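Hi,

Here's the structure I promised to send over.

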Amino acid sequence: MEWNLMFFINSVLLGVGLAMDAFSVSMANGLNEPRMRRYKMVGIAGVFGFFQALMPMTGWVCIHTIVQYFTAFEPMIPWIALILLCYIGGKMLIDGIRNREGDEATVRLGVGALLVQGVATSIDALSVGFTIADYNWLMALVASLIIAIVTFFICIAGLEIGKKFGTKLSNKAQILGGVILIVIGFEIFISGML
């Protein structure tokens with residue numbers, strides 16, 4: 001592979017495709033916390049971008065070092081995403097049902113839940129290591145960074161959309177956010193199994 005315009009276009013398109021799960025989860029996070037501050041939005045989008053860059057590079061390293069272990073792990077990816085997102089979504093759903101009075105005390109997204117979301121939405125990006133296997137390490141790194149940047153901006157948009165609708169939905173936002181995460185988990189699972 002060589003450095004050309006197609007390399008950059010492919011990397012951006014790869015970033016858009018990979019960021020869709022993170023976009024949906026970002027919307028759910030915005031729904032859950034409609035008064036989220038800008039610095040927290042940047043932090044959330046940064047975490048998603050970080051994991052979207054880390055996973056393809058991890059896949060690339062696996063292809064070039066321990067490919068037999070990675071291929072054995074690949075069938076578990078949809079299961080892991082399903083379990084993680086259903087756990088977080090189920091917790092949000094239960095908390096939303098318990099808090100049906102609609103008071104202003106929304107449940108804030110913690111660091112642990114954010115990291116789990118970051119892993120769950122980017123674990124399928126490990127497979128991208130296969131598609132960029134013919135890149136040298138610098139090209140793989142640049143492609144991963146482009147994916148991270150694209151993911152960052154897409155997640156900011158998702159958070160903004162979620163915040164806007166979260167304000168309008170008030171007490172139903174947490175329930176809707178939980179349902180969205182569970183649906184995303186099943187979507188990743190079904191597409192990964194087919």
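Before anything else, keep in mind that this is a predicted model.

I started with helix H5. Its buried residues are Leu114, Gln117, Gly118, Ala120, Thr121 and Ser122. The helix runs over residues 111-122, and its length checks out: twelve residues at 1.5 Å each should span 16 Å, and the end C-alpha atoms are 16 Å apart, so the two agree.

Next, the surface. There's a nonpolar patch made of Trp3, Phe8, Trp137, Leu138, Leu141 and Leu145, with about 580 Å² of accessible area together. Helix H7, residues 137-169, is the biggest contributor, giving four residues. One of the patch residues, Trp137, sits in H7. Trp137 has a relative accessible area of 54%, and the cut-off for exposed is over 50%, so Trp137 counts as exposed.

Last one: Phe73, which belongs to helix H3 (residues 67-73). Its 26% relative accessibility falls between the 20% and 50% cut-offs, so Phe73 is partly exposed. Leaving aside residues up to four places away in sequence, Phe73 touches Ile80, Ile123 and Leu126.

Cheers

Note on methods. Residues are numbered from 1 along each chain as its sequence is written. This is a predicted model: local features need pLDDT of at least 70, side-chain atom pairs count only at pLDDT 80 or more; totals for chains, interfaces and linings use all residues. Side-chain values use heavy atoms; hydrogens and water are left out. Patches are made of residues with over 30% relative accessible area and no salt bridge: like charges are joined within 9 Å, nonpolar side chains (Val, Leu, Ile, Met, Phe, Trp, Tyr) within 5 Å. Accessible areas come from the Shrake-Rupley method with a 1.4 Å probe; for residues, only the protein chains shown count as cover. A salt bridge is a side-chain nitrogen of Lys or Arg within 4 Å of a carboxyl oxygen of Asp or Glu. Helices (H or I, at least four residues) and strands (E, at least two) are DSSP runs, numbered from the N terminus. Buried means under 20% relative accessible area, exposed over 50%, partly exposed in between (1.4 Å probe, protein chains only). The expected span of a helix is 1.5 Å times one less than its number of residues. Contact means heavy atoms within 4.5 Å.
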